[in-house]
Every structure is written in structure tokens, then in C-alpha cells.
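Hello,

Here is the structure I promised you. Please open it alongside this message; my notes follow below.

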Protein chains: 2
Amino acid sequence: MSRHELERQLERDRQRVEGYLQMRLSQEESVPPLLSEAMQYAVLSGGKRIRPFLVLESCRAVGGRETEALPAAAAVELIHSYSLVHDDLPAIDNDEFRRGRPTCHKVFGEAIAILCGDALQALAFEILSTDLIRQGVSTERALDCVRELARAAGPTALVGGQVLDLLGEKREGGERNEAAVRAIHEGKTAALIRACCRMGGIIGGAAPSLLAHLGNYGYWLGLAFQIQDDLLDITGDPEKLGKTARKDMAQKKLTYPSILGLEGARQRAEEACTRALEALRPLGEKGVLLAALAQFVIERQQ
Amino acid sequence: MSRHELERQLERDRQRVEGYLQMRLSQEESVPPLLSEAMQYAVLSGGKRIRPFLVLESCRAVGGRETEALPAAAAVELIHSYSLVHDDLPAIDNDEFRRGRPTCHKVFGEAIAILCGDALQALAFEILSTDLIRQGVSTERALDCVRELARAAGPTALVGGQVLDLLGEKREGGERNEAAVRAIHEGKTAALIRACCRMGGIIGGAAPSLLAHLGNYGYWLGLAFQIQDDLLDITGDPEKLGKTARKDMAQKKLTYPSILGLEGARQRAEEACTRALEALRPLGEKGVLLAALAQFVIERQQ
């Protein structure tokens with residue numbers, strides 16, 4: 001039942017966020033057309049939009065108004081999209097396909113892809129500082145959102161995780177153990193998903209203790225999500241994934257299955273899911289869709 | 001007299017901002033060491049720090065406290081530094097030297113250079129949203145600064161200008177005329193320098209009309225600065241410049257001298273300087289160092 005409801009809500013939120021992103025990515029006449037085209041290509045590419053859903057649902061779960069959270073949902077998707085564009089570059093992961101289409105640099109060239117990512121990151125912060133206020137969010141809460149997103153996107157989190165991932169691949173990063181792979185996944189995935197939940201909570205006016213619970217949920221959900229991603233790289237169907245499979249192994253990436261084996265990694269994903277569900281308890285019935293998402297994340301096949 | 005005073009103030013501010021940047025770039029233990037090293041290399045490279053000076057001096061000129069403006073001065077230098085790291089990449093300008101040293105990607109490789117730039121941009125917004133408040137700036141003013149910097153760093157300004165520059169070079173951007181080169185310089189340089197002056201004014205509590213004057217000053221100063229940069233590429237001493245000279249011509253870049261000749265470009269730089277000085281009039285004596293900087297910018301030989 002809640003699974004069906006989750007799917008309906010994911011779809012409604014996806015449409016709402018894509019409409020907002022589409023509007024925001026095409027409204028500025030002074031953006032060079034080629035850059036604007038690259039930004040739209042990178043962002044409007046049919047992802048599941050789980051991060052925006054988490055912002056909106058966390059806001060709703062604490063009794064906030066989803067319209068107020070919409071700019072934060074869009075901003076986090078811009079950060080996620082920019083990080084994919086840069087990760088796919090030849091100098092980093094060298095990926096040619098993403099979500100079933102050629103990657104940004106394959107279509108627009110490396111220079112535009114680098115600049116497109118840079119512009120998406122800046123636009124995320126412009127949207128937080130401008131649009132949230134326009135939707136009626138207080139200055140205080142808007143600035144709290146800037147702080148959450150900037151920290152999650154920065155050198156201690158998103159970018160730091162990407163660097164650890166690169167070094168792990170080249171075996172220059174020291175130990176190949178569970179702590180090392182967890183540090184990568186925390187940075188690359190869990191920190192931003194945690195920030196989604198906290199931003200939704202902040203905009204919805206959650207008390208600090210509830211915010212901490214939402215943050216913990218996001219952290220464990222993010223970890224479960226990334227471990228499942230590692231598993232799908234090995235067991236998934238490339239056509240469903242829309243990207244090159246078995247790349248992690250080919251690149252000798254540091255992943256949960258590479259350290260713990262398939263069964264060990266599955267166990268860790270389930271443990272993370274359990275921790276995510278525990279963190280939701282204080283929300284009671286309000287957390288039902290967030291809980292359904294945690295289940296969905298470890299059962300997904302794409 | 002004011003020239004001597006300007007040089008003393010530039011040097012004092014340079015030291016203060018570099019101390020702040022040094023502290024901010026080394027305080028986080030959870031940044032991967034290689035990333036931290038690359039960020040410090042990119043930022044602590046002995047530039048003139050004109051942008052931070054403009055933030056601090058604009059704040060002082062409207063009667064604000066410079067300690068409050070220090071985080072904004074650091075943030076704008078992080079944005080400037082990240083943009084240089086990315087512009088120097090092989091896929092963009094392919095520069096091997098910057099400020100007399102090998103560029104970031106020559107030392108750390110392309111992947112780390114891309115990620116280093118990404119991290120510096122995120123850190124700029126983290127500093128605005130965290131450190132300004134810590135220094136006693138109001139939430140309202142801090143959020144205004146986020147908005148100024150995000151807009152100046154985004155697709156309508158800094159990144160847009162870089163894209164136009166790339167397209168101009170490849171002669172894919174349509175017309176090669178003065179309007180086209182001005183659009184490049186507005187985006188690449190003038191927008192960020194304008195934002196410096198406005199952020200300093202915001203933090204210092206300037207009224208909207210004064211803020212507009214400071215913004216105009218910054219715009220024209222930025223334009224003068226970039227035209228002078230075009231000129232120095234042709235007439236400058238490579239050793240003093242610390243970077244490869246005659247590169248614009250070799251790359252067939254769209255510059256003021258390429259459109260108007262050396263004399264025409266010099267005239268435009270002087271006109272821009274005059275407009276900058278005019279914008280300062282409402283500040284009276286308080287604007288003396290900003291005025292001296294405008295003079296300095298068009299007389300500089302490096």
C-alpha cells in the first residue's frame with residue numbers, strides 16, 4: 001500500500017521538480033545559448049529525482065508546505081547533476097553513457113561540460129538565496145539551507161568522496177578495507193542525501209532533535225543507496241541501468257562487494273536500511289513514505 | 001600620496017586575507033590530504049588579491065567594519081581561484097603557467113584540478129553562510145552576499161563569459177565586434193568585481209542608492225582591468241606577468257586590441273576608468289583609495 005503511494009508521490013514530485021527546473025533553466029536570456037542547452041541536457045535527463053523527493057517529503061513529514069521546499073529540491077538536483085557531469089569527464093570516470101544517453105562531454109565537448117557543471121553549482125546557490133525567499137521561506141531558514149548544501153557539496157563531503165574514490169581506484173589511497181569504502185560512500189552519496197532531508201526539515205520548521213533524526217535517516221539511506229549501486233554494477237542489467245555496467249570492477253574501484261563480497265555487501269545494505277528506518281521512528285505515521293523509500297532503495301533493480 | 005596609501009592598504013589586506021584563507025583551507029581534518037594540498041596550491045599563490053581588497057575597502061568606504069567583511073573577501077578569492085584552475089585546464093585555455101608557477105593540473109593532474117575547482121566553489125558558499133554570521137553580520141546581509149556571489153559566479157556572468165570567450169576563439173560565436181568582446185569581459189571579469197564592491201557595501205550597511213554606485217564603480221573598474229589585461233598580453237613582459245604572453249593572439253581570442261587596435265583599446269580602458277571614478281563621486285573623500293585603485297589598474301604593467 002505505502003509502496004504504491006510512494007510511487008505516486010515520487011511521480012508527482014518528479015513532474016513538479018522537473019517543471020521548476022525547466023522554468024529555471026530557460027528563463028535567463030543572458031545565458032549563452034550553447035551553455036543553456038548543455039545545462040538543460042545535463043539536468044533534464046529523466047532521472048528518478050530521489051533527492052528532490054527527499055527534500056519535499058521531509059518537509060511534508062514535519063508539517064511544512066511543499067511549495068516552500070521546491071527551490072531547495074531543485075537546487076539539490078542541480079548539485080547532483082553537476083557532479084555527474086564532472087564525474088563522467090574523460091579525466092575522471094570517463095563514462096560515455098548516463099541514464100541511457102551520451103554523457104554531456106560526448107555531446108558538447110569537454111570544455112563546455114566542465115563549464116556547464118560549474119554553472120549548475122553556482123545556480124544551485126542562486127536558487128537557494130533567491131527563490132526560497134520568494135516562496136515565503138524566512139531568511140534564517142534559507143541561509144541554513146545554503147549552509148547545509150554548501151557543506152554537503154564541498155571538500156569534506158561530495159568532492160572529498162570523489163577524490164577518495166579516484167585514489168582508491170589507483171590504489172594510492174592506502175588501505176582497501178571497509179572503513180575506506182565507507183568514507184567514499186559517505187562523501188559521494190550519503191552527505192548530500194542527508195542534506196536533502198535536513199533542508200526539507202529546516203524549511204518545514206523541524207525542531208533540532210527532529211532535524212538530527214531526519215539527518216540520520218538520510219545518512220543511512222544514502223549509504224544503503226550507494227551499496228545497492230555497487231551491487232547493481234555487478235548484478236544489474238545494463239539496459240535497465242542506462243549506463244555502462246561492470247565498470248567498477250574494470251576500473252578496480254573500491255566498492256562494498258570488492259571488500260565484503262556480494263552477500264556481505266547485501267547484508268550491509270540491509271543493515272543501513274534498518275538504521276534508516278530506526279531513525280524515522282520519532283516521526284511515527286508521518287514517516288511512512290520515507291520508510292517505503294528505504295525499502296525501495298535496497299530492492300531496486302535500476 | 002593616495003597611491004602610496006593604496007599600496008600600503010593593498011599589502012595589509014593581502015596579508016589579512018591570506019591568513020584567513022590559509023586558516024580556512026587547513027582547518028578541516030576530513031578533507032583528503034591531496035585535495036587539501038591542491039586547494040592550497042591553487043589559492044595561496046601570491047596574487048595581488050585585488051578582489052578581496054575591493055570587498056574590504058568598499059565596506060570601509062561606507063563606514064562598515066572590515067572584520068565583518070573578511071569572510072566575503074576570502075569567498076570571492078576562492079571563486080576567482082577556482083575559475084583560474086578550470087580555465088587553465090587542457091580542454092579550456094590549456095595554460096601551463098600561472099602567477100609564475102606550473103598550473104594546478106600540471107602539478108596534480110587534470111582530475112584533481114577539476115575537483116579542486118569544484119571544492120573551492122562550494123567552500124566559498126560555505127564560508128559566506130557560516131563565517132559571516134560568526135563575525136557578527138546579520139542573516140539578511142549574509143544571504144544578500146550569497147545571492148550576489150552566486151549570481152556573479154553563474155551562467156549569466158562568470159561561466160557565461162568564459163563560454164563566450166571559448167566560442168569567440170573558435171569563431172563560432174557570431175560577430176567579432178566590440179559588443180561581443182564587451183560581453184565576454186563583462187561576464188568573465190566585471191560581474192565578479194562588481195559583486196566584490198556590492199558585497200562590501202552590503203556588509204557595511206550601505207543604502208540601496210550607494211550600493212548601486214559601488215556596483216557601477218566595480219563594473220567599470222572590472223572592464224578597465226580586463227582591457228588592460230588584453231593590452232598587457234601584447235605589450236607586457238612575460239616574466240613580470242608570470243604567465244605565457246601573446247597567448248590571446250596565438251589563440252585568436254576576441255580582445256579589445258583585436259577589435260580596436262592598441263590605441264583604441266587604451267582609449268576604452270581610460271574611458272572605463274573615468275566612468276569608474278564618476279561612480280565614486282557620492283562617496284566623496286571616503287572613495288579615495290577606490291579611486292586610486294582605478295588609476296593603478298590602467299597604469300599597471302603586470
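Val159(A) sits in helix α8 of chain A. This is a predicted model, so please read everything below as computed from it. Val159(A) counts as buried because 29 other C-beta atoms lie within 10 Å, where 20 or more are needed.

Helix α8(A) covers residues 158–169. Its twelve residues should span 16 Å at 1.5 Å a residue, and the end C-alpha atoms are 17 Å apart, which agrees. Is α8(A) mostly covered or mostly open? It is mostly covered, with eleven of its twelve residues buried. Among the buried residues are Leu158(A), Val159(A), Gly160(A), Gly161(A) and Gln162(A). Asp165(A) is also one of them. The buried residues pack against α4 (66–87), α7 (139–153) and α9 (178–204) of chain A. They also pack against α2 and α6 of chain B.

**Two of those partners, α4(A) and α7(A)**

Helices α4(A) and α7(A) also pack on each other. Their axes are 11 Å apart and meet at an angle of about 15°. The two helices are therefore roughly parallel, since angles under 35 degrees count as such. Their crossing is right-handed. On the α4(A) side, the contact uses Ala72(A), Ala75(A), Val76(A) and Ile79(A). On the α7(A) side, it uses Cys145(A), Leu149(A) and Ala153(A). By class, that gives seven nonpolar residues, no polar and no charged ones.

**Where the chains meet**

How many residues does each chain give to the contact between chains A and B? Chain A gives 44 residues and chain B gives 44 residues. On the chain B side, the elements that give two or more residues are α2 (33–43), α6, α7 (139–153) and α8 (158–169). The largest share comes from α6(B), with 14 residues. By class, the chain B side has 27 nonpolar, ten polar and seven charged residues.

Now look at the α6 pair. Helix α6 covers residues 110–134 in chain A and residues 110–134 in chain B. The two axes come within 11 Å and cross at roughly 15°. So α6(A) and α6(B) are roughly parallel to each other. The crossing is right-handed. From α6(A), the contact takes Ile114(A), Asp118(A), Gln121(A), Ala122(A) and Phe125(A). From α6(B), it takes Ile114(B), Asp118(B), Gln121(B), Ala122(B) and Phe125(B). These residues divide into six nonpolar, two polar and two charged.

**A helix pair within chain B**

Helix α10 (residues 208–235) and helix α13 (residues 256–280) of chain B have axes that come within 8 Å. They cross at roughly 155°. Over 145 degrees counts as roughly antiparallel, so that is how α10(B) and α13(B) run. The crossing is left-handed. By class, this contact has 18 nonpolar, three polar and four charged residues.

**Backbone points to check**

Most residues other than glycine have a negative phi. Which residues have a positive phi although they are not glycine? Arg99(A) is one of them, with a phi of about 50°. Arg99(A) is in the loop between β1 (97–98) and β2 (101–102) of chain A. It is partly exposed, with 13 other C-beta atoms within 10 Å. Arg49(B) has a positive phi of about 60°. Arg49(B) lies in the loop between α2 and α3 (50–61) of chain B. Arg49(B) is buried, with 23 other C-beta atoms within 10 Å.

**One exposed glycine**

Gly19(B) is in helix α1 (residues 2–26) of chain B. Is Gly19(B) buried or exposed? It counts as exposed, because it has 12 C-beta neighbours inside 10 Å. Gly19(B) and Leu166(B) are 147 residues apart along the chain, and their C-alpha atoms are separated by 35 Å.

Best wishes

Key: Residues numbered from 1 in each chain as written. Chains lettered and ligands numbered in written order. Predicted model: local features only at pLDDT ≥ 70, side-chain atom pairs only at ≥ 80, totals over all residues. Axes fitted to C-alpha atoms, helices over the stretch in contact; angles between N-to-C directions. Helix = DSSP H or I, 4+ residues; strand = E, 2+ residues; numbered from the N terminus. Parallel < 35°, antiparallel > 145°, perpendicular 65-115°, else oblique. Left-handed = near helix turned anticlockwise from the far one by under 90°. Contact = placed C-beta atoms within 7 Å. Nonpolar A, V, L, I, M, F, W, Y, C, P; charged D, E, K, R; others polar. Expected span 1.5 Å × (residues − 1).
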